[in-house]
Amino acid sequence: MATRAARKAKKAAKQPVSHRTWALGYLAVAAVMFAVYQYALPWEGLPLPIYDFLQLWLPPSSVNEALVYVICALGLNIVVGYAGLLDLGYVAFWAIGGYSAGWFMSNFFEQWKFHGLSSVATTEPGLHINFWLVLVIGGAVCAFFGVVIGAPTLRLKSDYLALVTLGFGEIIPQIFFNGENINGFNLSNGTKGITRLDPIPTGVKDLGPFDFGSKFVVFVLLAAIMVFISLQLRRGRLGRAWLAIREDELAASMMGVPLMRTKLASYAVGAVAGGIGGVAFATHVDGVYAERFNFSISIFLLAMVVLGGMGNVWGVILGAFILAWVNSTGLPALGDTFNSQFGTEVDFPSFTFLLFGLVLILMILFKREGLIPESRLRLVLHEGDADEELKPAHEEEK
Amino acid sequence: MTQAAAVEKVAVRQYKGTPGQIRRRRIELTAGLVLGALVMVWIVANLINSPTQFAQVFILGFRNGLLYALIALGYTLVYGIIELINFAHGDLFMLGTLFSSYFITVWFGQETSNLAGWLTFFAALIAAMAFCGGLNILIERFAYRRLRRAPKIAPLITAVGVSFILQFIGIKWNGSTPRNWPKVLPQSEFTVLGVHIAWNTVILLLVAAPLLLLLSWVVTKTRQGKAMRATAQDQDAARLMGIDVNRTISFTFAIGGALAGAAGLLYQQTTGTTNYNLGFQLGLIAFTSAVLGGIGNLNGAVLGAVLIGIIQGLNDGLPIGLGQKWSQTVVFTILILIMVFKPAGLLGKSTTEKV
């Protein structure tokens, strides 16, 4: 009996991951949201209260922005949730992705002229490459930087790694911030940023900055690709190696997991997601601005991963949606409503720091595994707790 | 002595690690020498180019280095005892600057340098140290203590969260833009060989140096210091020896916080400005200093901080240099280079990872 059960388990483990269930649910939710934003919102017959409610509490731009955060949070989840490495400089990849879009999809480099499958008029100066190709370029550039920064530092202890990434996350945006004149070369246009990006070509029509509904489809598709990659990698050889390293690095290396290569892979995959998110964000806001890539973004993304549940794809998506919405729409809208109701002047958006700080602390203290926990991680994260209970009672009193 | 033992002795002396380790050491040495040589060339070029200005920015950098040392010690003390990078420490320093500003200017109404101003300054020094020390004890008690045995990523994330909450307090207290304050320290300066030295630099040195000596005395000579070193070495063994580990860790946080408070007052009085994100910038610089000197090593933190202060001062102020807008980049590049080539720092012992 036991052998048969074991064989059955083995067979189940060998079977390819079934993506049908989640794909259907995902598609259904995306279709409903698309219908609401593309058809219901512009519809004349929509009752005014519902229209106002949607515009105040769930405007289309905030949903799209949340999707960008979802893409990046899923990438960070691979580094933090799967491989257990703390990355505090994720914003660097976001910035590199953003500037890839800025460089290759605008008139910014006026001195050069190159058109790669782009839909803009061929008379335009600058580099114009198709959005879908830029996604690949941005991802590749980020993967390259991920390996460059990861290779020398991943040997270090985990807390040192957090700092090196933090330093990296400070240097890259500062380079873009000061990059107006590097030996006479204008790399990033400094604080003015790069504006007016090319529309996204889809074959049917070109999506400009205000095509929220159609761009929603593009972002949903990108997020779906990230979900697919996350789930597929998680079940595969690489994913199991990541989990092994997360749970016990020493044991994993004894079992023959190549530590450096595996960690580097997680770093590179995470970086690719950051790059894709950066390109998507640049098209979402139709520009790249150096001062937007600050340390808070790294921490926002970390808070999303921690809130939703490290290592769990659905948890991370939920966390990213909740916090991105709160940050972009929830707090300002709540503030407006509250202030007009009670005649006060409370500045709600200034509470974001408090909110994100509390999310990080309270989740780690009381629900370390997140809103939607990953079963294996719960065991690991509460490893030390049993020891605590064994301590003599008078220790706890103090 | 038998022949076998002699052979063994020779063999032991000749073993210098695996080929990989030898190659690594060689790369580290070469990289270190090349970098050192480049820095020397840069410094000498500037020294010949403009000696007075060099001395001027050197002194300014040294002053900032002392401030960084006071902050860096807080990082290194806490890391030494519980192996936690206390991300919130820089923000504690920021609250120290705000507390000092309010104490001197708003609560006691001192705006000029006179006797009352001096008295308030010293009262503010004690008050700011008590404020930040107490706050740090509370942070340890409520945020970090429960996580002492949790996986390492958990307290790190919590520290980032605490840092955000302190920044929030900073925004609410200070406002989101930098604020200027009157200074009660004398604003005059004196000239030695054509080099202008501000009096507040001297005062900063006179306040910071005794604090550093006091700390060194507490850690090496007192009973409490002995308990700290024991706890840092092995918590469980220390507990078995009858040391109250929780109290010792609280004490360590209190000292670190008090030094941050003193640094806060000195910073506020020498520059006259406060800003809510000051803690993030200076905290990272101070942390880099602690790492440069060898984290966990008190002398190393001071040495590293002074070095970083001087390098930053030279870079910011000298005619041949990258200038102030690349200041952060220079410091973080140093951080990354040390992490990569010499994680143990200048004075730290290289330790193998405990199993």
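What is the mean pLDDT of chain A, and what percentage of its residues reach 70 or more?

Author: Chain A has a mean pLDDT of 82, and 90% of its residues reach 70 or more, where pLDDT is the predictor's confidence in each residue, from 0 to 100. This is a predicted model, in which local features need pLDDT of at least 70 and side-chain atom pairs count only at pLDDT 80 or more, whereas totals for chains, interfaces and linings use all residues. Residues are numbered from 1 along each chain as its sequence is written, while chains are lettered from A and ligands numbered from 1 in the order in which they are written.

The helices named here are DSSP runs of H or I with at least four residues, strands are runs of E with at least two, and both are numbered from the N terminus. Over residues 387-398 of chain A the pLDDT is below 50, and beyond near neighbours in sequence this stretch has 4 contacts in the model, two residues being in contact if their C-beta atoms, placed from the backbone, lie within 7 Å.

An unreviewed UniProt entry places the feature "transmembrane region" at eight stretches of chain A, among them residues 21-40, 66-84, 91-109 and 160-177; the positions are given in the numbering used here, feature names are shortened, and annotations may be inferred rather than shown by experiment. In the model, residues 21-40 of chain A are 100% helix and 0% strand, with the end C-alpha atoms 27 Å apart, while residues 66-84 of chain A are 89% helix and 0% strand, with the end C-alpha atoms 24 Å apart.

Two helix pairs show how the chain packs. The axes of helix 5 (residues 91-104) of chain A and helix 7 (residues 158-177) of chain A come within 8 Å and cross at roughly 30 degrees, the axes being lines fitted to C-alpha atoms, for helices over the stretch in contact, and the angles running from 0 to 180 degrees between N-to-C directions. Helix 5 of chain A and helix 7 of chain A are therefore roughly parallel to each other; angles under 35 degrees count as roughly parallel, over 145 as roughly antiparallel, 65 to 115 as roughly perpendicular and the rest as oblique. Helix 5 of chain A passes helix 7 of chain A in a left-handed crossing, the term for a near helix turned anticlockwise from the far one by less than a right angle, with right-handed used if it is clockwise. On the side of helix 5 of chain A, the residues that meet helix 7 of chain A are Val91(A), Ala92(A), Ala95(A), Ile96(A) and Tyr99(A), and their partners are Phe168(A), Gly169(A), Ile172(A), Pro173(A) and Phe176(A). The residues of this contact divide into 9 nonpolar, 1 polar and no charged; Ala, Val, Leu, Ile, Met, Phe, Trp, Tyr, Cys and Pro count as nonpolar, Asp, Glu, Lys and Arg as charged, and the others, Gly among them, as polar.

In the second pair, the axes of helix 6 (residues 131-153) of chain A and helix 11 (residues 259-285) of chain A come within 7 Å and cross at roughly 140 degrees, so the two helices are oblique to each other. Helix 6 of chain A passes helix 11 of chain A in a right-handed crossing, and the residues of their contact divide into 16 nonpolar, 9 polar and no charged.

Chain A also has a partner, as 42 residues of chain A are in contact with 37 residues of chain B. For the complex, the predictor gives an ipTM of 0.78 and a pTM of 0.83.
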